Amino acid sequence: MARLLGWALALTAVAGLVAALALSLYRAQGEVTAPVPPPAPPPQQASASPTPAPAPSPTPLPRVLNPRTRPQDFHAGAAVLLYGTYRGWQDDLVGLYADLAGRGVNALSLNFPVYTASATADAVYAGPGTPGDADLTFAIETAHAMGFTVFLRPLLSFDPGYVAPSGEWRGSIRPASLDAWFASYGSLLGHYARLGQATGVEMLSIGAELKSLSPYSERWRGLIAQLRSLYRGQLTYSANWDELDRVAFWDALDIIAVDAFFDLQVGAGPTVAELVAAWGRPSYVESPAAAMQRLNAAYGKPVLLAELGMPARSGFERHPWADAGPGPATAADLEAQARYFEAAFLANEVPHVQGFYVWAISPGEFRSPSNEGAAYNPWGRPAGEVIARYYRARTSAP
């Protein structure tokens with residue numbers, strides 16, 4: 001045991017001498033450096049949240065079947081009423097546009113109210129039912145995105161707080177001061193001319209059915225010159241059916257527009273052929289067909305039927321401008337309305353008539369269709385099918 005302990009101590013001493021010798025050798029070669037620790041592993045990243053699914057692509061807007069590409073192209077038109085807004089009206093408007101596009105419509109008139117306080121008031125202003133600029137811009141730009149051309153029509157109305165005497169309407173106003181009225185009206189129309197220019201509106205109405213004021217030609221010529229400085233699209237005036245000869249400034253406009261609710265001299269339950277013939281018989285002074293042809297010949301301007309329609313009520317072919325009153329439309333009433341449109345298209349398929357705007361529908365009516373006889377709206381009725389067939393055929397012809 002003592003001998004083993006001695007050997008162990010001897011081996012330990014030898015190991016120490018070897019270690020000392022190795023250390024001396026390293027020092028002779030240079031300074032000893034500390035060993036470099038291995039690189040730390042990269043920090044573990046938190047697990048990424050799942051990649052969200054891409055948002056669904058918006059449904060593309062439908063397009064007009066046969067769009068107008070030139071000012072002289074046929075207006076297969078529909079009149080749209082923008083009288084106030086409500087929650088969801090924009091969705092209803094897009095739905096209405098899509099429906100009209102599928103029926104062959106290629107042009108929209110956007111009709112909205114501006115107001116005067118009474119028949120003798122001198123001011124014209126935007127009121128409670130007037131759409132704001134953002135709403136009008138939406139209606140215009142959406143129409144353009146779908147391929148429609150746009151005809152912008154501010155319509156003078158009495159303020160909702162004014163109770164008009166029987167027979168009083170926009171065509172009978174008599175402002176106390178013509179200077180003040182035309183200054184106020186011109187300022188408001190100038191605003192819509194600027195908006196129309198900014199949004200690319202194709203045509204602007206400078207007035208509609210202002211029968212008591214239309215004889216003041218120089219006033220209207222001044223307004224037209226003012227608007228031409230602000231707006232480069234087409235300008236027109238929408239004359240009432242019995243007002244055509246009171247307007248002497250057609251030469252300053254681009255197109256002759258007529259709100260074509262002509263009295264037609266027909267008996268009860270007229271056929272399509274009898275209605276076509278009635279467009280050629282005297283109404284008011286001369287026949288509707290002759291009156292529009294004469295204006296075209298005198299001024300060299302195309303004619304546009306800016307409002308065309310009748311209520312769905314039998315017998316109203318004779319006075320399609322009249323109020324048909326409440327009450328549901330019968331099958332006979334709906335067929336009478338359909339025959340009226342068929343005859344109107346046939347009677348006016350002449351070179352100088354450049355198109356029609358059928359009267360009329362609002363986004364709300366599209367959302368909740370009404371079967372009341374008082375409604376002029378032809379869409380969703382037999383008349384709407386007549387219009388769609390005619391428009392599709394007329395706009396697809398070479």
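Reply: Happy to! Buried means under 20% relative accessible area, exposed means over 50%, and partly exposed is in between. Keep in mind that this is a predicted model.

Me: Thanks. Then is Arg174 buried, exposed or partly exposed?

Reply: Arg174 has a relative accessible area of 47%, so it is partly exposed.

Me: And which side chain does Arg174 meet in a salt bridge?

Reply: That of Glu168, at 3.4 Å from N to O. Glu168 counts as buried because its relative accessibility is 16%.

Me: How many salt bridges turn up in the whole structure?

Reply: The search finds 15. One of the pairs is Asp251 with Arg221, whose closest N and O atoms are 2.8 Å apart.

Me: Where do Asp251 and Arg221 sit?

Reply: Asp251 is in the loop between strand 5 (234–240) and strand 6 (255–259), while Arg221 belongs to helix 5 (residues 217–228), so the pair ties together parts 30 residues apart in sequence. Asp251 is partly exposed at 38% relative accessibility, and Arg221 is partly exposed at 27%.

Me: What does Asp254 pair with?

Reply: Asp254 forms a salt bridge with Arg228, with the closest N and O atoms 3.0 Å apart. This pair also links distant parts of the chain: Asp254 is in the loop between strand 5 and strand 6, and Arg228 is in helix 5, 26 residues apart. Relative accessibility is 26% for Asp254, which counts as partly exposed, and 32% for Arg228, also partly exposed.

Me: Which residues are linked in a network of salt bridges?

Reply: Asp99, Arg103 and Glu385 are linked that way.

Me: Switching topic: how much space lies in the largest pocket?

Reply: About 810 Å³. Its lining has 24 residues, and Arg170, Glu209, Trp321, Trp359 and Tyr376 lie nearest the centre.

Me: How do the lining residues divide into nonpolar, polar and charged?

Reply: There are 16 nonpolar, three polar and five charged residues in the lining of the largest pocket.

Me: Which strand gives the largest share of that lining?

Reply: Strand 3, with four residues. Strand 3 (149–158) and strand 8 (353–361) each supply at least two residues of the lining.

Me: Last one: what is the mean pLDDT of the chain?

Reply: The mean is 87, and 83% of the residues reach 70 or more. Take care with residues 1–49, though, where pLDDT stays under 50. For that stretch the model has one contact beyond four places in sequence.

Notes: Residues are numbered from 1 along each chain as its sequence is written. This is a predicted model: local features need pLDDT of at least 70, side-chain atom pairs count only at pLDDT 80 or more; totals for chains, interfaces and linings use all residues. Side-chain values use heavy atoms; hydrogens and water are left out. On a 1 Å grid over the protein atoms alone, a cavity is a set of points where a 1.4 Å probe fits but cannot get out, and a pocket is an open set with protein on both sides within 12 Å along at least five of seven lines; lining residues have an atom within 4 Å of a point. Grid points are joined across faces, edges and corners, and a volume is the space filled by probe spheres set on the points. Ala, Val, Leu, Ile, Met, Phe, Trp, Tyr, Cys and Pro count as nonpolar, Asp, Glu, Lys and Arg as charged, and the others, Gly among them, as polar. pLDDT is the predictor's confidence in each residue, from 0 to 100. Contact means heavy atoms within 4.5 Å. A salt bridge is a side-chain nitrogen of Lys or Arg within 4 Å of a carboxyl oxygen of Asp or Glu. Buried means under 20% relative accessible area, exposed over 50%, partly exposed in between (1.4 Å probe, protein chains only).
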